[in-house]
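This briefing covers charged side-chain pairs. Keep the sequence and the model open while reading.

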Amino acid sequence: MSIGTVFLQLREHVSLFRMATTLGAPRPDPAAYMLQAAASTAGRSYKKELLESLDVQPGQTMLDVGCGPGTDLPALAESVGVSGTVIGVDRDLAMLAEARRRTSGLSSVQIREADAHALPVEPGTVDRAKIDRVLMHVAEPTNVLAQLHLATRPGARIGLAEPDWDTLIVDAEDLDTSRAFTRYTTSEAVRHATIGRRLARHAEQTGFVVETVRATTPVFLDFQEADRTLGLGRNMQRAIQDGHIDNARGRRWYTSLSEGPFFASFTLVTVICSR
């Protein structure tokens, strides 16, 4: 065996050892993660379009289901004005604490702890509502939409936004491992991974009138941003631990992503409907 070959093998082993800690790193603080994702280029783009499509007016009651750390609550409070109300609902106590902190000086904002399957609002009292990347996590998406239908008044406008993780693509020389990573994401990592493509159908079946359906494609050219937002390392580690992807192969794949030009994307579906 030549010295050059030995050197290359040693470098690979060192690289895999170095990435072991990264792959096994704990999931970041959920509130911080959501705020970072919303502040990313991809996050700002679709969120701006979603909020504009809702056409929130002064004096209205706006419901944010799964408000998380309150990312959108300040902007919504500005839209409804002092005569309106913004209701942020979430069941995660840490998220709610951050949402209260971010909106402490906004009298029009109300933060309520509840599950999306049992919304804490009076029937027929909501003028505008949104669910943003929440239905992919809940137990029964159609039940949540039924709750939303009950909460909104006739003429209300609703915005729904969810990814379709079946469309996740990550460029790599090892295309089979990229495909295996997407399969793991859709089958194991996300509860309702294809909810994006089903949004319009579920909305209509719930009784909403679908007005517009848009599909956008967030593109990631920076590996670090993609790793934070898409959980490349975290989910690869889980896929390896669960036996879906070979350990050495998965680590080589992950290492290769950080060493050259990077590309990844997925499809995000936005549905605007009315009550």
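The notes below take the salt bridges by topic.

This is a predicted model: local features need pLDDT of at least 70, side-chain atom pairs count only at pLDDT 80 or more, and totals for chains, interfaces and linings use all residues. Residues are numbered from 1 along each chain as its sequence is written, and side-chain values use heavy atoms, with hydrogens and water left out.

**Count and network**
- The structure holds 15 salt bridges (a side-chain nitrogen of Lys or Arg within 4 Å of a carboxyl oxygen of Asp or Glu).
- A network of salt bridges links Lys47, Asp64, Asp72, Lys130, Asp132 and Arg133.

**Helix to strand**
- Glutamate 49 and arginine 214 form a salt bridge, 3.0 Å from N to O.
- Glutamate 49 lies in helix H3 (residues 41-54) and arginine 214 in strand E6 (residues 209-216), so the pair ties together parts 165 residues apart in sequence.
- Helices (H or I, at least four residues) and strands (E, at least two) are DSSP runs, numbered from the N terminus.
- Glutamate 49 is partly exposed at 32% relative accessibility, and arginine 214 is partly exposed at 22%.
- Buried means under 20% relative accessible area, exposed over 50%, and partly exposed in between (1.4 Å probe, protein chains only).

**Strand to strand**
- Lysine 130 and aspartate 64 meet in a salt bridge at 3.1 Å, N to O.
- Lysine 130 is in strand E4 (residues 126-132) and aspartate 64 in strand E1 (residues 61-65), 66 residues apart.
- Lysine 130 is buried at 2%; aspartate 64 is buried at 1%.
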